[in-house]
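Student: Please take one residue in this chain and look at it closely. Then carry on to other parts of the fold.

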Amino acid sequence: MPGQSDIAFMTQALRLAENGRFTAHPNPVVGCVIVNDGAVVGEGWHRAAGEAHAEINALEAAGELARGATAYVTLEPCSHHGKTPPCADALIAAGVAEVVIGMRDPNPDVNGDGIAQLETAGIEVRTEVLKEKVEHQLAGFLSRVSRGRPFVTLKMACSLDGRIAMASGESQWITGPEARADVQRLRARSGAILSGIGTVLADDPSFTVRDPDIDTLGRQPLRAMLDSHLRMPLSAKMIALPGQTLTYCIDDGKRQALLDAGVDVVKVADQNGHVNARAVLEDLALREVNDVLVEAGPVLAGNLLSNGLVNELVIYQAPHIMGSETMGMFQTPAWTALAHRQLLEITDSRPVGPDTRITARFTG
């Protein structure tokens, strides 16, 4: 059972890890705290792929004070040579006496080997300290590694009565500027933004991170468009913007013009005459995408929801009523009984300007 000091130091490591939320992709965010004689002597977090891991940065900050100390790290230290040397070796060489780990790394390249190396070197190892909080923080990475598809967040903006557009399609703007600015942060933390060709044709969106105060080290999320019959116009705004646009199709007869324009055209499995969304997510996982943000209309949103492909909802709810002759959030099959409901747990609710942001995860 972790003591109060264990909880406090691991909480500090979790906070440090969040510093890499917009930049560490495709690596997991990780934080590390080095403690000697009850005092923090070194802190570190992983900033970007190819750069030093959290443990290395914390050990460098601690210097000789790492000898005999306790290292608190949110994820099991790596044990293999990737773009950087193994962190387990660095902890051993630094002479730490104990390593407290939030959770074991399910990555097949690690998966207990880091713990085994530390224990073989005579270092005391304790695991699963604030494990649930670490799992929540690393939901995307864990989903990709363990399930072979990214963690999917569906973002919607709606009125108090759950409507997203007028019957004419008019929807700009349901929510206020503060909510729209907050969406920039959702994009920045995502490996890809997923939408459908209907949204592209109707709104010509950019799907980029445009807030200059959000530092992504120049990285833009992939723009993954579901476009069964390649209706993507060559004039689409996103094609000329920084970052990569992918279009997923089942009929790639018109692909060459898009390829010439710099669009990556990917043919995937057919599902009732449309792109198979599960196949798209599996392809994105192969591209090392941990987190997908869905910004789409009710048809794609309902399809993903009905097929159990959404892990989290983020709903920006504006304090107004749009009436019954308007568009709802999801187009789903006919759910005729309460037993058909999809149950959610609200994990966060807070004001964003005049609107309310509700975050909920599926419990079923």
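Tutor: Take Ser195. Leaving aside neighbours within four places in sequence, Ser195 is in contact (heavy atoms within 4.5 Å) with Phe207, Ala224, Met225, Leu226, Glu295, Ala296 and Leu300. This is a predicted model, in which local features need pLDDT of at least 70, side-chain atom pairs count only at pLDDT 80 or more, and totals for chains, interfaces and linings use all residues. Residues are numbered from 1 along each chain as its sequence is written, and side-chain values use heavy atoms, with hydrogens and water left out.

Ser195 sits in strand β8, residues 192–196. Helices (H or I, at least four residues) and strands (E, at least two) are DSSP runs, numbered from the N terminus. The relative accessible area of Ser195 is 0%, so Ser195 is buried. Buried means under 20% relative accessible area, exposed over 50%, partly exposed in between (1.4 Å probe, protein chains only).

Leu138 belongs to the loop between α5 (131–137) and α6 (139–147). Leu138 is buried too, because its relative accessibility is 2%. Beyond four places in sequence, Leu138 touches Pro28, Val29 and Leu75.

Now helix α4, residues 113–120. Its buried residues are Gly114, Ile115 and Leu118. Viewed down the α4 axis, they fall within an arc of 100°, so they line one face of the helix. That arc is taken from the directions from the helix axis to the C-beta atoms. These buried residues pack against α3 (87–94), β4 (98–103) and β5 (124–126). Just after α4, Gly122 has a positive phi of about 90°.
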